[in-house]
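Take a walk through this fold, one residue at a time. The tour begins at a single side chain and widens from there.

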Amino acid sequence: FRVRAYNSVGNSGYSNVVSATTETDGGGGTEPGSEVSLLPVADAYVHGTYKDNNYGSDDRIHVRTIHCCDNWSRESFLRFDLSGQSGSIQKAELILYVVQSTDPVDHVVSFVSDDSWAEEGITWNNKPSASSGNLAQQLISGTGAVSFDITSKVQEQLGEGLSLKVNALKDVKPYIAYASKEHSNVSYRPVLKITYSEEPSTTPTTPEPTPEPTLAVKKLVLYN
């Protein structure tokens with residue numbers, strides 16, 4: 001939405017475009033069929049040459065892989081807060097905007113179980129390890145928005161934090177850069193887009209067994 005305010009002489013202008021997400025009833029749960037776009041609470045890249053440098057305030061996050069050695073390699077990390085999210089997910093996408101590209105190269109997103117890293121503290125030397133196996137893979141060619149489908153992992157992490165690492169499968173020169181959450185163009189910033197299923201998730205229950213009927217004896221008469 002945008003806000004328009006008038007001064008004392010009647011001049012007016014629109015504010016920058018901003019977005020807002022409202023909480024729904026049900027203890028912070030999410031309405032079935034709704035769509036939520038979350039900005040990262042932290043993002044940064046680390047550099048294999050400058051191993052003690054931190055780049056958390058940069059307006060870009062870089063990706064490059066040098067297989068022979070760490071020098072000039074760069075990996076990007078993002079963390080999202082899913083503590084207010086719940087429900088059955090139809091699709092969840094990490095959407096990044098390429099602002100600098102080179103020859104086509106495959107980028108992969110992997111899960112990071114350690115959420116303790118800090119945007120203003122992460123470096124190559126203290127970066128968290130990613131879990132084995134990739135969540136999603138995408139060919140990067142040219143600039144513009146790209147999406148990685150990470151539905152299953154987001155569903156697992158609902159109600160918690162979600163840390164991700166982005167890196168390249170092969171070397172290209174120079175590095176590829178995505179816009180970070182500090183980028184001046186708000187439409188370029190990273191987003192986790194979650195689309196919830198129309199019907200709320202339900203847990204099947206086992207019906208209680210029906211008790212066998214009992215016969216009540218009101219009067220017993222004995223004959224000799």
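Start with Phe80, which lies in strand S6. Strands (E, at least two residues) and helices (H or I, at least four) are DSSP runs, numbered from the N terminus. This is a predicted model, in which local features need pLDDT of at least 70, side-chain atom pairs count only at pLDDT 80 or more, and totals for chains, interfaces and linings use all residues. Residues are numbered from 1 along each chain as its sequence is written, and side-chain values use heavy atoms, with hydrogens and water left out.

Is Phe80 buried or exposed? Phe80 counts as buried, because its relative accessibility is 1%. Buried means under 20% relative accessible area, exposed means over 50%, and partly exposed lies in between (1.4 Å probe, protein chains only). Leaving aside neighbours within four places in sequence, Phe80 is in contact with residues including Leu38, Pro40, Leu94, Leu162 and Leu192. Contact means heavy atoms within 4.5 Å. Phe80 and Asp115 are 35 residues apart in sequence, and their C-alpha atoms are 9.5 Å apart in space.

Now step back to the whole chain. The secondary structure comes to one helix and 13 strands. From the N terminus, the elements run β-β-β-β-β-β-β-β-β-β-α-β-β-β. Of the 224 residues in the protein chain, 38% are buried. Take the contacts between residues at least 6 apart in sequence: 80% of them join residues at least 24 apart. The chain exposes about 13,300 Å², and carbon and sulfur atoms supply 47% of that. Accessible areas come from the Shrake-Rupley method with a 1.4 Å probe; for residues, only the protein chains shown count as cover.

The largest nonpolar core has 34 residues. Such a core is a set of buried Ala, Val, Leu, Ile, Met, Phe, Trp, Tyr and Cys residues joined through side-chain atoms within 4.5 Å. Phe148, Ile150, Val154, Tyr178, Leu192 and Ile194 have the most contacts inside the largest core. Strand S7 gives this core its largest share, five residues. Another core lies apart from it, with eight residues, among them Ala42, Ala44, Val46 and Trp124.

Tyr178 counts as buried because its relative accessibility is 0%. Its side chain makes a polar contact with the side chain of His107, at 2.6 Å. A polar contact is a pair of N or O atoms within 3.5 Å; within protein, one must be able to donate a hydrogen and the other to accept it, and residues adjacent in sequence count only if both atoms are side-chain atoms. Tyr178 and Val98 are 80 residues apart in sequence, yet 4.4 Å apart from C-alpha to C-alpha.

Ala42 takes us to the other core. Ala42 sits in strand S4, residues 42-47. With a relative accessible area of 2%, Ala42 is buried. Beyond its neighbours within four places in sequence, Ala42 is in contact with Phe77, Leu78, Arg79, Trp117, Glu119 and Lys181.

Two of those contacts meet again. The charged end of Arg79 sits over the ring of Trp117, 4.7 Å from its centre. A charge sits over a ring if NZ of Lys or CZ of Arg is within 6 Å of the ring centre and within 35 degrees of the ring normal. Lys153 lies over the face of Phe111, 4.2 Å from the ring centre. Phe111 is also touched by Gln157, a residue of helix H1 (151-157). Gln157 is buried, with a relative accessible area of 11%.

How many aromatic pairs does the structure hold? There are four. Rings of Phe, Tyr and Trp (its six-membered ring) pair if their centres lie within 6.5 Å; planes under 30 degrees apart count as stacked, over 60 as edge-to-face and the rest as tilted. Tyr97 and Tyr188 form a stacked pair, 3.8 Å centre to centre with 10 degrees between the planes. Tyr97 is in strand S7 (89-100), while Tyr188, 91 residues away, is in the loop between strand S12 (176-179) and strand S13 (191-196). Tyr97 is partly exposed at 21% relative accessibility, and Tyr188 is partly exposed at 24%.

Most residues other than glycine have a negative phi. Trp72 has a positive phi of about 75 degrees, although it is not a glycine. Trp72 lies in the loop between strand S5 (60-63) and strand S6 (74-81).
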